[in-house]
Protein chains: 2
Amino acid sequence: MSNPVLVEVMRGPLVESRHTGAVVVVDADGKTVLALGDIAQPVYPRSAVKPLQALPLIESGAADKFGFGDEEIALACASHGGEPRHVEVATRMLKAAGLDGSALECGAHWPSHAASTQALARSGGAATALHNNCSGKHSGFVCVACAAGIDPRGYVKAGHTVQREVRAAIEGLTGTGVSEDQCGIDGCSIPTWATPLSALAHGFAKFGTGRGMAPERAKAAARIRAAVAAQPYFIAGTGRFCTDVMTVFGARVLVKTGAEGVFCGVLPEQGLGIAIKCDDGASRAAEVAMAAMIARFLPLRGDEGAKLERFVQPVLKNWNGIEVGGLRPSAALGS
Amino acid sequence: MSNPVLVEVMRGPLVESRHTGAVVVVDADGKTVLALGDIAQPVYPRSAVKPLQALPLIESGAADKFGFGDEEIALACASHGGEPRHVEVATRMLKAAGLDGSALECGAHWPSHAASTQALARSGGAATALHNNCSGKHSGFVCVACAAGIDPRGYVKAGHTVQREVRAAIEGLTGTGVSEDQCGIDGCSIPTWATPLSALAHGFAKFGTGRGMAPERAKAAARIRAAVAAQPYFIAGTGRFCTDVMTVFGARVLVKTGAEGVFCGVLPEQGLGIAIKCDDGASRAAEVAMAAMIARFLPLRGDEGAKLERFVQPVLKNWNGIEVGGLRPSAALGS
């Protein structure tokens, strides 16, 4: 393994920890603009491809049929914190299809947003599938099935129509076929298809520009981008990288985190797709690497540079609020 | 950086993530039995040296003065989950010195044990310094000061008598002087002194055998080992590696996790100290590496091998309880 160090974690005067990984930036024609490490490696994209997985929701007409707006579409792309408003929108999506949380097959977990877990417990509540960070995506899947008059049950299985459509959308955008022998099961029980890191970046470049795809798909991609840009709270939540970065940049940046240190994004104006895989699976490092890529490839305006800095070089504070160190991108990631 | 892969994370048919790091096993004479990666690197030991940091509590006579038993002494070595029984013992320790939780300078956080956080919220409670995973250690520090008639305030500072004694104990055991220019501030605000990984292993080998130290210190180390072996619940808590492993092995194994992928341990019967640093700071990998070292160096009896297996090769399940992969030690860690 020879991937370079992407991010260093400082404490006091020393580097305490180091994260290696691969980063690739590709344009919509598939031209590689930046490559660090093994960019051909097949990577489970996990939740980083949720915006692509939401394409069937738009293309099938399901979103229109059920009257979904920006909030619902953004939540369909989300790894959300399980905050009350996230749960509310997922519930609304399922209700539009005549269903409720019992239709979800993602499994239950407590909100990842700590204050929401505390409030839920305080009110005597318990974890449900609606609090699962993937409940918006799964609500979208259920709605795709219902709009087509298909039984949604078993929608998480690779053989279900919904997952076949999701797979086809990803294969179409990344330009690579995926295969059963490179398939894992995701945390929320749907298949996650290993795809070369560079192909993921290419897929996002196309998704962000509408280039290299049929007009209907380009339109669906644009609608998803607009929804997320308008309602970035619904793609992640309070205090989360994706939400905070898109709140700063609006439609100029779309970023989506995935488990195990995967991060995908697109700079639509620059026509660039970005894909990152941190070898050890650390989100903290993938976030810094993504912020560094934005700083490197997006011309920053006004106070955007100052606002981005806390993501490029996050400060670490301890339980007393004392600054004890921070993360920083390695020289390899610099401009 | 050329540290070897220590642990692989599998999902379906593929290795999804990889953790590199260094591992060293040393005997009480300082002879290196196993070395993988850069074992000379200075590492912040973080909470992995809590059993060593508890020595002044015993040696000063404070533990005897306040009538501390196994629970209190084990908690003084703990990174605990903030479960009610942990909070209760920390409260009892402070009460013995005529104080309460307000004497703690570690900062407040919600219990890391999720069910305890939910129960605390449900009962209308809030996070306090007593829930801080370090509250037992800090209660011990406060007691060291009080027993000596010293003002405990500021006990987290490097210049306070308590921290000077803690530093001297670590330097004595590891046989290396630490220095101000290799000092970080820990999550709980005390200094963490960078120490070569091999010196940490040597320090634990001495701590576990009583060799190479004054009789009084050897006695104090034995008392700490006995307390932890008798009450492993109090060094971590429900569902935690340190507690579960020591519950299996009793006095034959002492292991202590630290933040950022550090893990120290000792096999007293074999006279071996173990120190691990995962480059990226991942606890999950340090745990697997430690379990692999126990499997390699401790002669296993009866069903110990079967009981250890879930730590050597932990299974990963998703939110629906479906097995989606697992962790495994690399060939480098194998016997």
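Predicted model: local features only at pLDDT ≥ 70, side-chain atom pairs only at ≥ 80, totals over all residues.
A residue counts as buried when its relative accessible area is under 20%, as exposed when that area is over 50%, and as partly exposed in between.

**Stop 1**

Select A:Glu88 and A:Arg92. Both residues belong to helix 5 (residues 84–96) of chain A, where they stand four residues apart, about one turn of the helix. Is A:Glu88 buried, exposed or partly exposed? Its relative accessible area is 47%, so A:Glu88 is partly exposed. A:Arg92 has a relative accessible area of 34% and is likewise partly exposed.

**Stop 2: the two chains together**

Display both chains. A rotation of 180 degrees, with 0.0 Å of shift along its axis, superposes chain A on chain B with an RMSD of 0.0 Å. This is the relation of a two-fold axis. To find the axis from chain A, select A:Arg122: its C-alpha is the one in chain A nearest the axis, at 2.0 Å.

**Stop 3: the interface**

Select the residues of each chain that touch the other chain.

**Stop 4: salt bridges between the chains**

Over all chains, the whole structure contains 38 salt bridges. Four salt bridges are found across the interface of chain A and chain B. For one of them, select A:Glu16 and B:Arg46, whose side chains meet at 3.0 Å, N to O.

**Stop 5: an arginine of chain B at the contact**

Select B:Arg11, which is found in strand 1 (residues 5–11) of chain B. B:Arg11 has a relative accessible area of 7% and is therefore buried. Which backbone oxygen does the side chain of B:Arg11 reach? It is that of A:Ile185, at 2.6 Å. Leaving aside residues up to four places away in sequence, B:Arg11 touches several residues of chain A, among them A:Tyr44, A:Arg46 and A:Asp186, as well as B:Glu16, B:Val324 and B:Gly325.

**Stop 6: salt bridges between loops of chain B**

Select B:Arg211 and B:Asp29. They form a salt bridge in which the closest N and O atoms are 2.7 Å apart. The pair links distant parts of the chain, 182 residues apart: B:Arg211 is in the loop between helix 9 (197–209) and helix 10 (215–230) of chain B, and B:Asp29 is in the loop between strand 2 (14–27) and strand 3 (32–36) of chain B. B:Arg211 is partly exposed at 45% relative accessibility, whereas B:Asp29 is exposed at 55%.

Move on to B:Arg252 and B:Glu269, whose side chains meet in a salt bridge of 3.5 Å, N to O. This pair is 17 residues apart, with B:Arg252 in the loop between helix 11 (241–249) and strand 8 (254–258) of chain B, and B:Glu269 in the loop between strand 9 (262–267) and strand 10 (272–278) of chain B. B:Arg252 is buried, with a relative accessible area of 7%.

**Stop 7: a buried alanine in chain A**

Finally, select A:Ala62, found in helix 3 (residues 62–65) of chain A. A:Ala62 is buried, at 0% relative accessibility. Beyond residues up to four places away in sequence, A:Ala62 touches A:Leu57, A:Cys143, A:Val144 and A:Ala147. Which distance separates the C-alpha atoms of A:Ala62 and A:Ala147? They are separated by 5.2 Å, with the two residues 85 residues apart along the chain.

Note on methods: Residues numbered from 1 in each chain as written. Chains lettered and ligands numbered in written order. Heavy atoms only, no water. Helix = DSSP H or I, 4+ residues; strand = E, 2+ residues; numbered from the N terminus. Buried < 20%, exposed > 50% of the residue type's maximum accessible area, 1.4 Å probe, protein only. Least-squares fit on C-alpha atoms with pLDDT ≥ 70 in both. Polar contact = N/O pair within 3.5 Å; in protein donor to acceptor, adjacent residues only side chain to side chain. Contact = heavy atoms within 4.5 Å.
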